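Visitor: Hi! I'm new to this one, so could you walk me through it?
Guide: Happy to. Let's bring it up first.
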Amino acid sequence: MSHLQEKKLLFILNPRAGRNKPHGPLFDALAILSGAGYLIRIHETAAPEDAAETVAREGKSYDLIVAAGGDGTLNEVISGLMRLDAPPPLGYLPQGTTNDFASSLQIPRDPAAAAERIAQRNVRALDIGQWNQRSFIYVASFGAFTRSSYAASQAAKNALGHFAYILEGMKDLNTLRPYHIRLTADDEVLDGDYLFGAVCNSTSIGGLMKLDPERVVLDDGKFEMLLVRSPKTAIDLQNLVLALLNQQYDSPGLVFRHVSSLRLETEEELPWSLDGEYAPSVPVVEISNRQRALRMLL
């Protein structure tokens, strides 16, 4: 048996992600990966944390892990990889609703095209975020509309796409309010009221808010931190919305920084989302950057 035929691939598939998509392209992707010399084992996730536990338990026995699902599936697979002493490289076939991180990396949405990229074995090292004891790949966010990223049902996301997030966000309009936080970002201290905050390593948040690609570097050991101050008047709110839409991050009311670590303290119930998945409210959050900790085939 040749060396190519001996390579082992663990294929983590979330069968609930993108359920309204045809399965043919996934079969094409598997054929491409098999043709590249991989012996493939397919694992369909059955419950939350199944992907993370499977990768943490079995990943060291494989030469490559490929995740097929949405941002939540990718988050779980990476969380499992980060528990390994010598994690294998990762490939990604985006099958979710928003696929924010795939958009940042320009990974094709077509599974066969993404598999072709993986088969070329071009490795890129990327930063990974650490939120207390949990990992995240592209965003940790808090405050306004954060709940909508994880509260929208999978059925709604499959049927409605981005509109599912908008509908869920509309439910939160009557609870839109500022949160008082004390945040230390590197050596800068920010103490005040904020509607929303995000610590990200991506050019897209929730498929709706965009960051300028020229201001986002995915392997520099730094996050992009965006904070939205609480507006005092309706005009302030209007100006905030326009600044976000036009990517004018230096506008009054917005705080945009490149930071390597931060500590956030609050006495309120503060909703968090990690890569679109729920994270419990805690009084103290410490976020650090594990520079170039993940190897992806792109």
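Guide: One term to start with: a residue counts as buried under 20% relative accessible area, as exposed over 50%, and as partly exposed in between. Keep in mind that this is a predicted model.
Visitor: Okay, so is aspartate 186 buried, exposed or partly exposed?
Guide: Its relative accessible area is 30%, so aspartate 186 is partly exposed.
Visitor: And where is aspartate 186 found?
Guide: Aspartate 186 is in the loop between β8 (179–185) and β9 (188–200). Its phi is near 55°, which is a positive value in a residue other than glycine.
Visitor: What about arginine 121, what's its phi?
Guide: For arginine 121, phi is near 55°, again positive in a residue that isn't glycine. Arginine 121 lies in the loop between α5 (111–119) and β5 (123–131). With 36% relative accessibility, arginine 121 counts as partly exposed.
Visitor: Switching to helices: at what angle do α2 and α3 cross?
Guide: The axes of α2 (residues 50–58) and α3 (residues 71–81) cross at roughly 30° and come within 7 Å. Angles under 35 degrees count as roughly parallel, so α2 is roughly parallel to α3.
Visitor: Is that crossing left-handed or right-handed?
Guide: The crossing of α2 past α3 is right-handed.
Visitor: Which residues make the contact?
Guide: From α2 there are Asp50, Ala51, Ala52, Val55 and Ala56, and from α3 there are Glu76, Val77, Ser79, Gly80 and Leu81.
Visitor: How many of those are nonpolar, polar or charged?
Guide: In the contact of α2 with α3, six residues are nonpolar, two are polar and two are charged.

Technical notes: Residues are numbered from 1 along each chain as its sequence is written. This is a predicted model: local features need pLDDT of at least 70, side-chain atom pairs count only at pLDDT 80 or more; totals for chains, interfaces and linings use all residues. Side-chain values use heavy atoms; hydrogens and water are left out. Helices (H or I, at least four residues) and strands (E, at least two) are DSSP runs, numbered from the N terminus. Buried means under 20% relative accessible area, exposed over 50%, partly exposed in between (1.4 Å probe, protein chains only). Axes are lines fitted to C-alpha atoms, for helices over the stretch in contact, and angles run from 0 to 180 degrees between N-to-C directions. Angles under 35 degrees count as roughly parallel, over 145 as roughly antiparallel, 65 to 115 as roughly perpendicular and the rest as oblique. A crossing is left-handed if the near helix is turned anticlockwise from the far one by less than a right angle, and right-handed if clockwise. Contact means heavy atoms within 4.5 Å. Ala, Val, Leu, Ile, Met, Phe, Trp, Tyr, Cys and Pro count as nonpolar, Asp, Glu, Lys and Arg as charged, and the others, Gly among them, as polar.
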